[in-house]
Amino acid sequence: MLQGGCFCGAIRYEADDTPIQATACHCSICRRTSAAPVVAWFTVKPKAFRIVSGQPKSFRSSDHATRAFCPSCGTPLTFQSARYPDEIDVTTCSLDDPEQVPPRSHTWRASGVSWIKSADGLAAYPEKRPE
Ligand SMILES: [Zn+2]
Ligand SMILES: [Zn+2]
């Protein structure tokens, strides 16, 4: 069982699946919506994810994607895309223990800022992860 929530504690969630994927995303939309150079995400099936307290607010971040965050403290929480209806991405660092789901790759590296260099040995893809 994975458990997490926003910084202020208003929103809590649980995920009861083994994550399908986990990645550190360097894309410009993650960067701008989090004001951080990289955002780590893990992916589960939507039915394996539930909000157990609070009500996130969401907005459309592109023509196919919606992002949800805590309206009280602003913590980014989830990403869902119409292109991948059987997946929900959750911010790894909103987990109580982010060590539970370390990223397995870097994605959208070509969009990243030049002053982040990783030496973790993980695969780094210039755009999305190959299917
Ligand atoms: Zn909050
Ligand atoms: Zn991204």
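The questions below go from the overall fold to single residues.

Mentor: A note on conventions: this is a predicted model, in which local features need pLDDT of at least 70, side-chain atom pairs count only at pLDDT 80 or more, and totals for chains, interfaces and linings use all residues. Residues are numbered from 1 along each chain as its sequence is written, while chains are lettered from A and ligands numbered from 1 in the order in which they are written.

Trainee: How many helices and strands does the chain have?
Mentor: Helices (H or I, at least four residues) and strands (E, at least two) are DSSP runs, numbered from the N terminus. Read from that end, the elements run β-β-β-α-β-β-β-β-β-β-β-β. The secondary structure comes to one helix and eleven strands.

Trainee: What is the radius of gyration of the chain?
Mentor: The radius is taken over C-alpha atoms, and the globule rule is 2.2 Å times the number of residues to the power 0.38. For 131 residues that rule gives 14 Å, and the chain is close to it, so it is as compact as a globular protein of that length. The radius of gyration is 14 Å.

Trainee: In what order do the eight strands of the open sheet lie?
Mentor: Two strands pair if DSSP finds at least two bridges between them. The edge strands are strand 6 (57-62) and strand 11, each pairing on one side only. The pairing in the sheet is mixed, and the order is 6-7-8-9-4-3-10-11.

Trainee: Which residue in strand 10 is the bridge partner of Ala-24?
Mentor: Strand 3 and strand 10 run parallel and are joined by two bridges. The partner of Ala-24 in strand 10 is His-106.

Trainee: Which residue in strand 2 stands opposite Gly-4?
Mentor: Strand 1 (residues 2-5) and strand 2 pair in the antiparallel sense over four bridges. Their hairpin has six residues between the strands, and Gly-9 there takes a positive phi near 90 degrees. Opposite Gly-4 stands Tyr-13.

Trainee: Ala-35 and Trp-108 are not glycines, yet each has a positive phi. Is Trp-108 buried or exposed?
Mentor: A residue is buried if 20 or more other C-beta atoms lie within 10 Å of its own, exposed if 12 or fewer, and partly exposed in between, with C-beta atoms placed from the backbone. Ala-35, in the loop between helix 1 (28-34) and strand 4, has 8 such neighbours and therefore counts as exposed. Trp-108 lies in the loop between strand 10 (105-107) and strand 11 (123-124). With 22 other C-beta atoms within 10 Å, Trp-108 is buried.

Trainee: What separates the C-alpha atoms of Ser-111 and Ser-28?
Mentor: Ser-111 is in the loop between strand 10 and strand 11. Leaving aside neighbours within four places in sequence, Ser-111 is in contact (C-beta atoms, placed from the backbone, within 7 Å) with His-26, Cys-27 and Ser-28. Ser-111 and Ser-28 are 83 residues apart along the chain, and their C-alpha atoms are separated by 6.3 Å.

Conventions: Two residues are in contact if their C-beta atoms, placed from the backbone, lie within 7 Å.
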